[in-house]
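Biologist: Before we use any labels, I would like to hear the criterion behind each one. Could we go through them in turn?

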Amino acid sequence: MNTEYKIFTYPSIDSTQDALLWENPDRGFRMETFVNVANRPIPDFPCHEDPTEGLKYWRRFYMSEHPQLAQIYFYLTGYSKGEEIDAAGINRICANFDYARKFKIKLLVRFVYQSHVEKSWGQASQQTIFLHLKQLAPLLTRYVDAIHVVQIGLIGAWGEWHNYTEIYDCADLIREVARITPSSIYLQMRLPVYKNLIEKEDSLYRRLGFHIDSVFGETKPDTGGCDPGTAQWEQLMEETFLVPVDGELFWGATCPWEINGRLVLCQLSDHHFTSFSLHHSYRENQISEEMRQKVLYWSEPSATKKERVYAMRRWQKDQITPEWLKQRRCLVSPGWFLDENGNSVSRSVWEYIRDYLGYKLELRSCAIEVLKGEPRHLSVQLSLVNYGFSAPFYLTAELLLLSMDGYVISQCSLGSTERWYSRKRTDVGAVTPVVHLAEGQLYIPAETNTYQIGLRLQNTAGTCARLGNKIIYKNGCHILAVLENGHLVSTDNL
């Protein structure tokens with residue numbers, strides 16, 4: 001028989017508290033950089049004495065946007081003729097992993113050979129690729145905590161599987177990358193048509209997400225045929241709620257058409273994007289002339305282009321309403337269009353994409369029972385929703401019983417959160433997210449005392465994530481309630 005049972009609720013954060021969630025790991029806007037691994041001349045790619053120069057620069061440049069992810073191209077072009085990656089090259093790769101680990105940045109890793117569309121420059125044979133993958137396997141294991149995804153890459157211009165002349169067994173390439181990558185890490189393919197080289201019945205299929213390197217929300221050239229109404233588009237609608245998805249626009253200086261932010265927003269929502277590039281059509285024309293030669297690999301814009309306002313900056317002025325989002329089947333957190341006083345506020349396309357990329361978890365309620373018997377236990381049931389585009393990948397959830405000074409008394413794992421998706425294809429017309437339940441029990445010491453009941457969400461790099469609720473959060477832990485002298489009380493007086 002239960003001695004006590006209470007349900008606790010916590011309001012959603014409002015628009016003034018958006019920034020609380022910007023540093024949640026494994027989601028959101030991402031940076032991009034490249035490494036010339038051999039540090040030898042490559043068309044369009046400079047040599048760097050410091051292999052981390054790009055990653056360091058973009059971390060400073062995007063400080064105000066708080067990206068927790070970085071896509072990194074490791075160009076192996078200097079070894080494309082069959083030479084093994086030398087110790088210096090391995091060290092240059094490791095330096096970037098070490099830097100990312102130091103600052104808790106997770107990497108979207110892509111190994112690449114072909115640095116130019118023209119003449120398939122720099123491509124490697126399948127034999128050479130396999131030689132290098134064998135060398136790279138230990139690094140992926142060593143730095144598993146610093147990796148968000150491994151993108152299959154390897155062939156075609158920029159590793160995008162186009163404009164190459166070499167003959168490859170592409171399914172074999174996919175399987176080899178999967179074999180050398182720790183099983184806990186998801187892989188990403190450029191397009192669904194490439195993923196379909198693996199049979200759906202194969203367990204590997206379920207591990208393959210996507211990097212959509214030409215996102216426009218509408219039919220445009222150079223999308224690889226992944227346009228609205230096509231089989232590839234529909235496949236993304238069906239499968240992406242269970243795998244990480246990344247993407248990017250075209251460069252602002254070279255895109256020949258205006259990119260419609262509202263259409264892109266709808267694509268990001270319908271295809272469950274986890275991350276999206278800050279690097280393309282945002283403010284890449286604001287970097288210094290000195291650094292442009294070092295960290296960018298497209299031609300310098302003219303003075304006129306420098307003055308242009310690229311697509312994503314225009315989206316910052318494109319205001320949307322709750323009604324418009326509802327009509328487009330996009331989910332919205334209850335507090336997102338409100339200020340701290342409950343008054344309506346205006347929001348933009350940019351802000352919506354920034355805040356809803358990846359996961360945006362909120363507690364609906366927390367039911368706690370104090371159970372009789374010896375030893376004593378608490379039974380805790382959480383009701384959660386996810387307003388974000390994608391599920392939370394690489395997060396684990398844990399219930400904690402804490403002393404008032406934060407010492408852990410007992411704990412209970414709730415497991416992985418990767419099934420806490422916002423909705424799937426059959427729910428795509430809904431304007432409310434799926435409700436997820438998670439429950440566990442916590443041991444209570446025999447002595448009467450005051451304890452805190454907490455929830456911790458933590459990724460593989462040890463970074464904690466916050467819920468979108470107005471709730472006490474300290475030392476990476478949400479304080480759900482207090483057990484005071486055997487009785488449950490709210491955290492209002494803490």
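Modeller: What follows sets a few computed values against their definitions. This is a predicted model, in which local features need pLDDT of at least 70, side-chain atom pairs count only at pLDDT 80 or more, and totals for chains, interfaces and linings use all residues. Residues are numbered from 1 along each chain as its sequence is written, and side-chain values use heavy atoms, with hydrogens and water left out.

Biologist: Why is α3 called roughly parallel to α4?

Modeller: Helix α3 (residues 126–142) and helix α4 (residues 170–180) pack at an angle of about 20°, with their axes 9 Å apart. Angles under 35 degrees count as roughly parallel, over 145 as roughly antiparallel, 65 to 115 as roughly perpendicular and the rest as oblique, so α3 is roughly parallel to α4.

Biologist: Which residues make that contact?

Modeller: From α3 they are Q126, I129, F130, L133, A137 and L140, and from α4 they are D172, L173, E176, V177 and I180; contact means heavy atoms within 4.5 Å. These residues divide into eight nonpolar, one polar and two charged. Ala, Val, Leu, Ile, Met, Phe, Trp, Tyr, Cys and Pro count as nonpolar, Asp, Glu, Lys and Arg as charged, and the others, Gly among them, as polar.

Biologist: What makes F34 and F45 an edge-to-face pair?

Modeller: Rings of Phe, Tyr and Trp (its six-membered ring) pair if their centres lie within 6.5 Å, and planes under 30 degrees apart count as stacked, over 60 as edge-to-face and the rest as tilted. For F34 and F45 the values are 5.0 Å centre to centre and 90° between the planes, hence edge-to-face. F34 lies in strand β2 (residues 28–36) and F45 in the loop between β2 and α1 (53–61), so the pair ties together parts that are eleven residues apart in sequence.

Biologist: Why is the pair of F45 and Y75 called tilted?

Modeller: The centres of F45 and Y75 are 4.3 Å apart and the angle between the planes is 45°, which makes the pair tilted. Y75 lies in strand β3 (residues 69–75), so this pair ties together parts that are 30 residues apart in sequence. Both F45 and Y75 are buried.

Biologist: Why does V434 count as partly exposed?

Modeller: Buried means under 20% relative accessible area, exposed over 50%, and partly exposed in between (1.4 Å probe, protein chains only). V434 has 22% relative accessibility, so V434 counts as partly exposed. The place of V434 is in the loop between β15 (408–416) and β16 (435–444).

Methods. Axes are lines fitted to C-alpha atoms, for helices over the stretch in contact, and angles run from 0 to 180 degrees between N-to-C directions. Helices (H or I, at least four residues) and strands (E, at least two) are DSSP runs, numbered from the N terminus.
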